[in-house]
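Here are my notes on the cavities and on one helix. Please read them beside the structure.

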Amino acid sequence: MDWKKLLSSQTQVEREKEPDYFNKYPISDLEKDYKAIISSSAFRRLQDKTQVFPLDKSDFVRTRLTHSVEVSTIARQLGIMITRTTEHLKPEFVKNENDEREKIPSILSCAGLLHDLGNPPFGHFGEVVIGEWFQKELEKEEFTYQGNPVKNIISEQMRNDLCHFEGNAQALRILSKISNKETSHEINLTNGVISALIKYPVDSLHYTDSDDEDIRKHKLGYFHAEEESFYKIARETGTLLEHGEVARHPLAYLMEAADDIAYSTADLEDAYKKELFTLNEFIDFFEGEIKGTRHEEDKVRLLIDDLKERKEKAESIKTECVTEAYMIAFQNWMDFVRQWFMYCVAYSFSKNYQEIMNGTYNKELIAETFHGPSMKILKKVMKKYVYIDPEIMKLELSAQKIISALLDDFIYAVIYFDEKTEGYKQTPKDKKLCGLIPENLREDYFHAKTDDEACNLYLRFLMVTDFISGMTDSYAKNLYQELNGIK
């Protein structure tokens, strides 16, 4: 792969020509990307979407938006670290000052903002609910279109897209829509940014699962509806290899690492603030999980020893509020941990640079560094103390009820949307429900519509998943209550 192509500034559609006067105060294509993302409604809606904990009135719980900003910041810093490194392993392209390397932090910053754009309301559990709903319905013989079971009409890939709904693929769908329209106010980004966002360059027929050694295949990265856009971006950025396989963009490894760093530290900080575990419980659990080679154990112990020192210092300070002192110690330690994780990721990128550029590297960047075990321990803490929290379990139960009920209404309502065949018309109720789907999503359907009825049925289902996955937590809850006469 070649950096000039990887950092392509070609956009999905040609940007509107600006007056020559604007050239006197030039703005780069990547700065225009950043502005477009920040200004978009899809990005703004993240402020009312759950990260891990249900949204509440306090200001410390992270939303999907604040998480995305943190990921963007970490990703940008990683970009700066790999392009300005003094490490002897520095990649060749870093040794030679060029315009390409200066674009890398900006691309990573944009990709970090975008990485959760396709996630539905109520956290990642919302993805699970959508997928499970389709798995259940597509098994039913009575889920039909013109008298035939839907499962026998749509293709295997279409069924897999729906039954394994994925926020990453939905993000690409959102960003690809502009290519279907002559005029639009959709986000129009450079291909380099979009390619860096695609963590899983496989479709729903070829992805495996989280047990596969190849992390690039853990989830589906694009839906059948976006296959043409996916390959167009791959050709433009050079990630489409000679043998036909699409490689992961090198910067996608750094964006993924930034997400993992933010998730494993920031969410844990929220959990501590919510008093889901004490400092002593955390230290005891962490020490009990230390294992690996002697070298790895020594490095991990140095990390937890640092927290123990901070705890002792907090106890030595004369204050009536030891709890606050502990909180400050834990927050400062989290910053320290993040910096170590970032160092390991940047080092790993340099060390594995050739494999990454050949399209053959298949691990997380931090996995084989001496703090790979440290990150695993932090994720285990989340499983032990956080995900069993009653607030989170109630949120998941709410998501199950709300999203399933909305799918019950809207999926069945769109089956005969735009149907011309006599005897297969929408009911008055179905028409009213379809009237609630935003006009721009209905227009997206008409722009993408084909001569294949099976494909059109699939596209109508995607119109509904576009609608529901784009909802904020509050909107989904309110719409559910209104449709069911609760308020």
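**Notes on cavities and a helix**

1. The lining of the largest cavity is mostly a matter of residue class: seven nonpolar, three polar and one charged. Keep in mind that this is a predicted model.

2. Which residues form that lining? S195, I198, P201, F230, I233, A234, T239, V246, A247, R248 and H249 line the largest cavity. Helix α11 (residues 227–237) gives the most, with three residues. The volume of this cavity is about 50 Å³.

3. Three cavities of 30 Å³ or more were found.

4. The second largest cavity has a volume of about 40 Å³. Its lining consists of E256, A257, D260, V345, E364, L365, I366 and M375. Five of these residues are nonpolar and three are charged, with no polar ones. Helix α12 (residues 250–273) supplies the largest share, three residues.

5. Helix α14 (residues 294–316) is worth a separate check. There are 23 residues in α14, and the distance from the first C-alpha to the last is 32 Å. At 1.5 Å a residue, 33 Å is expected, so the computed span is close to that value.

6. What is buried on α14, and what does it pack against? The buried residues are V300, L303, I304, D306, L307, K311 and A314. D306 and K311, both of the charged class, are therefore among the residues under 20% relative accessible area. The packing partners of the buried residues of α14 are α13 (279–288), α15 (322–351) and α17 (372–386).

Conventions
Residues numbered from 1 in each chain as written. Predicted model: local features only at pLDDT ≥ 70, side-chain atom pairs only at ≥ 80, totals over all residues. Heavy atoms only, no water. 1 Å grid on protein atoms, 1.4 Å probe; cavity = no way out; pocket = protein on both sides within 12 Å on 5 of 7 lines; lining within 4 Å. Points joined across faces, edges and corners; volume = space filled by probe spheres on them. Helix = DSSP H or I, 4+ residues; strand = E, 2+ residues; numbered from the N terminus. Buried < 20%, exposed > 50% of the residue type's maximum accessible area, 1.4 Å probe, protein only. Contact = heavy atoms within 4.5 Å.
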